Amino acid sequence: PFLQDDSVTEVMINGPDSIFVERAGFIVKTDAKFEDSNALMAAVRNIAQFVGRPIDDEHPFLDARLPDGSRIHAVIPPIARNGTTVCIRKFSKNKMQLKDLIAKEALTPEAARFLDVCLYLKKNIMVSGGTGSGKTTILGILASRCQPDQRIVILEDSAELKVHNQHVVFFEARPADEFGKGAVTLRDLVKSSLRLRPDRVILGEVRSGEALDLISSMNTGHSGSMGTVHSNNPKECLTRLETLSLMTDAE
């Protein structure tokens, strides 16, 4: 029922007997429970099977998305001492626009105008903030406001971005299989995307060495690129991009 409830933005399962949800920014404990640890584990295995990603003793973490676009991360015992631990981040079904952010007073009309000018001039844009602060939402809104004649290539670890534009191509990274083969990283995708004649390269989230590839693409004629990064404020965002760029094998 929490997945059906539009007022719930996050579902947190800390073992079979402890389920919390987030509503309007507040976390509350629910009375919901799983029958037992096996029932919860069966649910997680079902999701893993559905998305074709392994979850077992060798691969105790699962990063995936549900059919409705929600993002799920699961950790299984013995790593998770409370029992199988799951977090589901839901995404709004409503198509958000800049005017909605202005109406909610999350953005001033002047700031919205500034962002539009940045998009028109094809400035490189990084959206920074903490977990759950709305980075992906903002990025999706900005990407949807790009000129319709521009070819947008979107690269993500797990598909989350909702972009409503005329010419959009989506790519998703892939983890290694049970034999440690077949992994496709965001770095691979960035390199590939540059040969696909993009007007803009958009990286869902910059978490590692792909920061260097994104910055390189920005400097090689692909201005107008965008991405999100976790940081406390815009100044620290730049420091974080430098740190992430050092996580490559480049000397």
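**Salt bridges and a parallel sheet**

Arg145 is partly exposed, at 39% relative accessibility (buried is under 20% relative accessible area, exposed over 50%, partly exposed in between, with a 1.4 Å probe and protein chains only). The model is predicted: local features need pLDDT of at least 70 and side-chain atom pairs pLDDT 80 or more, while totals for chains, interfaces and linings use all residues. Residues are numbered from 1 along each chain as its sequence is written, and side-chain values use heavy atoms, without hydrogens or water.

Arg145 meets Asp116 in a salt bridge, 2.7 Å from N to O (a Lys or Arg side-chain nitrogen within 4 Å of an Asp or Glu carboxyl oxygen). The pair links distant parts of the chain, 29 residues apart: Asp116 sits in helix H3 (residues 109-120), Arg145 in the loop between H4 and E8. Helices (H or I, at least four residues) and strands (E, at least two) are DSSP runs numbered from the N terminus. Asp116 is partly exposed too, at 24%.

The structure holds 10 salt bridges. Arg89 pairs with Glu10, the closest N and O atoms being 2.9 Å apart. Strand E6 (residues 85-89) holds Arg89 and strand E1 holds Glu10, 79 residues apart. Both residues are buried. Asp157, Glu205 and Arg207 form a salt-bridge network.

Now the sheet. Five parallel strands form an open sheet, ordered E7-E11-E10-E8-E9; pairing takes at least two DSSP bridges between two strands. E7 (125-129) and E9 (168-172) are the edges: each has a single partner strand, so one side of each lacks a neighbour in the sheet. E10 (residues 200-203) and E11 (residues 226-230) pair over two bridges. Ile202 has Met226 as its bridge partner in E11.
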